[in-house]
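Visitor: I have a structure on my screen and would like to learn how to read it. Can we go through it feature by feature?

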Amino acid sequence: MMARMALGACVAAALMPLAALAEDREVFAPGGIAMSGYDVVAYFTEGAPVEGEAGNAVTWRGVTWYFASPEALMSFEMDPEAYAPQFGGHCAYGLSEGHIAAPAPTAFFIHEGKLYFMHTDALLAAMGARLPEIVAAAEGNWASLDGY
């Protein structure tokens, strides 16, 4: 039942078809701030979401990224591709189903050294066993978008 509810939440939250994503930014960045201001390096170093600070910011791919510390900022600047979330931070499950949905900062996972997000914590818990399959399907949809 929980899996069905989580699945429904992401499907209901699928905000637009993939074709419309070309009009959206490559990176989930409400107000021009990547990942709602969360430090993407911290997901790897702390294993948890950590809010970044405007004093530790850099512009990359047309949006501003915040970091919790100067060290995290430096790590990102040295290799942004290593830390940037896959699919621009959009919900991996939504993309696997052909839609985009906003990510939840707490609903993250690292698979094969790459950062991914889901729309909700419940969805992440429900889909845990299917994550590799979801990533593969999302990659196929993401690759088919023009300009990405």
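Guide: Gladly. Keep in mind that this is a predicted model. Let us start with the aromatic rings. The structure holds 10 aromatic pairs.

Visitor: How do I read such a pair?

Guide: Two values describe a pair of aromatic rings: the distance of the centres and the angle of the planes. Take Phe87 and Trp142. Their centres are 6.0 Å apart, and their planes make an angle of 65°. Planes over 60 degrees apart count as edge-to-face, so this pair is edge-to-face.

Visitor: Where in the chain do Phe87 and Trp142 sit?

Guide: Phe87 is in the loop between α5 and α6, and Trp142 is in helix α8. The two are 55 residues apart, so the pair links distant parts of the chain.

Visitor: Is Phe87 buried or exposed?

Guide: Check the relative accessibility. Under 20% means buried. Phe87 has 5%, so Phe87 counts as buried. Trp142 is buried too, at 13%. Across the chain of 148 residues, 45% count as buried.

Visitor: Which residues form an aromatic cluster?

Guide: Trp60, Trp65, Phe67 and Phe76 form one.

Visitor: Now the charged residues. How many salt bridges are there?

Guide: Three. Arg61 and Glu26 bring theirs to 3.0 Å. That pair also links distant parts of the chain, 35 residues apart. Arg61 forms another salt bridge with Glu81, at 2.5 Å. Arg61 lies in the loop between β2 and β3 and Glu81 in helix α5, so parts 20 residues apart in sequence are tied together. Arg61 is partly exposed at 39% relative accessibility, and Glu81 is partly exposed at 48%.

Visitor: And the remaining bridge?

Guide: Arg130 pairs with Glu133, with N and O 2.9 Å apart. Arg130 is partly exposed at 32%, and Glu133 is partly exposed at 47%. By shared partners, Glu26, Arg61 and Glu81 join into one network.

Visitor: What about the helices and strands?

Guide: Count them first. The chain has eight helices and six strands. Next, look at how strands pair. β5 and β6 run antiparallel, joined by four bridges. Phe108 has Phe117 as its bridge partner in β6.

Visitor: How many residues lie between the strands of that hairpin?

Guide: Two. In this hairpin, Glu112 takes a positive phi near 50°.

Definitions and conventions. Residues numbered from 1 in each chain as written. Predicted model: local features only at pLDDT ≥ 70, side-chain atom pairs only at ≥ 80, totals over all residues. Heavy atoms only, no water. Phe/Tyr/Trp six-rings, centres within 6.5 Å; stacked < 30°, edge-to-face > 60°. Buried < 20%, exposed > 50% of the residue type's maximum accessible area, 1.4 Å probe, protein only. Pairing = 2+ DSSP bridges. Salt bridge = Lys/Arg side-chain N within 4 Å of Asp/Glu carboxyl O.
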